[in-house]
Amino acid sequence: MPEELPILHRDEHIVVIDKPAGLLVHRSEIDRHETRFAIQILRDQIGQRIWAAHRLDRGTSGVLLFGLNREIASVLGRQFEASTVEKRYWAVVRGHPPASGTIDHPLSRQRDPYLFQGERSSTKAQPALTHYHNLAEIELPVAVDRYPSSRYALLELEPLTGRRHQLRRHLKHIAHPIIGDATYGKGRHNRFFANELDCHRMLLMCIELRFDHPANGYRVEIKAQVSGEFAATLARFGWLDVR
């Protein structure tokens, strides 16, 4: 039976899915061996061509928006570029951050591996802004690192800019890296979650997008529910009812 992706919304102009963790949006030069891509699976699933309006990292799950023609996707893409799309993410991080805060930390430009002939990396920093709220905390009596216990938190994140790997890099910058992030995270904590808690994914998910519908201008709100290993981890920590 052909693979199918969870569709959160579909009309004659757009389609929105809940992208699983571990799935590329489309082909990347650094993952040339991959044969599974969200854009191909969804195209075959609905029987028509689609265009991605934005992207999520391979390890990130959640709300992913497509246009059903190139022009619609371009209109949506311009909303992302203009920062008029409201994005909310959940992440499980190491440590106990403050109750809320803003990370105002410029980030250097990183070359996009989705583009075979894209713009190059640059040491010139671009403005980058992320708001966060600490939704829940836990302290486990386990010495994962150099302390006798280990602290973790569930954060709600709102990126106001759209730099590459912004959330992952910003959370590393404030010393609260995302669990499961092999690039910017902490290996000891990632291994603890994989080996002891049976969680093998990066714990970052886009739970909500709000944008103007490209056909009628109405504000659209699309939400996704945590599931799989992410939901199992939240349940283990007693965080499933956090909102």
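Here are some questions and answers on confidence, core packing and aromatic rings.

Q: What is the mean pLDDT of the protein?
A: Good place to start, as this is a predicted model. Of its residues, 91% reach a pLDDT of 70 or more. Over residues 115–119, though, the pLDDT is below 50. For the protein, the mean pLDDT is 92.

Q: Which residues of helix 4 are buried?
A: Helix 4 covers residues 187–196. Its buried residues pack against strand 5 (86–94), strand 9 (129–140), strand 10 (150–159) and helix 5 (228–236). The buried ones are H189, N190, F192, F193 and A194.

Q: How are the planes of F193 and F237 arranged, stacked or edge-to-face?
A: A pair of aromatic rings is described by the distance of the centres and the angle of the planes. For F193 and F237, the centres are 6.0 Å apart and the planes are at 90 degrees. An angle over 60 counts as edge-to-face. So the pair of F193 and F237 is edge-to-face.

Q: How far apart in sequence are the parts that the pair of F193 and F237 ties together?
A: F193 lies in helix 4, whereas F237 is in the segment after helix 5. The pair therefore links parts of the chain whose separation in sequence is 44 residues.

Q: Is F237 buried or exposed?
A: Buried means under 20% relative accessible area. The relative accessible area of F237 is 9%. F237 is therefore buried.

Q: What kind of pair do the rings of F237 and W239 form?
A: Their centres are 5.0 Å apart, and their planes are at 70 degrees. W239 is buried, at 3% relative accessibility. Because of that angle between the planes, the pair of F237 and W239 is edge-to-face.

Q: Which residues form one aromatic cluster?
A: The structure holds four aromatic pairs. F193, with a relative accessible area of 0%, is one of the cluster members.

Technical notes:
Residues numbered from 1 in each chain as written. Predicted model: local features only at pLDDT ≥ 70, side-chain atom pairs only at ≥ 80, totals over all residues. Heavy atoms only, no water. pLDDT = per-residue confidence, 0-100. Contact = heavy atoms within 4.5 Å. Buried < 20%, exposed > 50% of the residue type's maximum accessible area, 1.4 Å probe, protein only. Helix = DSSP H or I, 4+ residues; strand = E, 2+ residues; numbered from the N terminus. Phe/Tyr/Trp six-rings, centres within 6.5 Å; stacked < 30°, edge-to-face > 60°.
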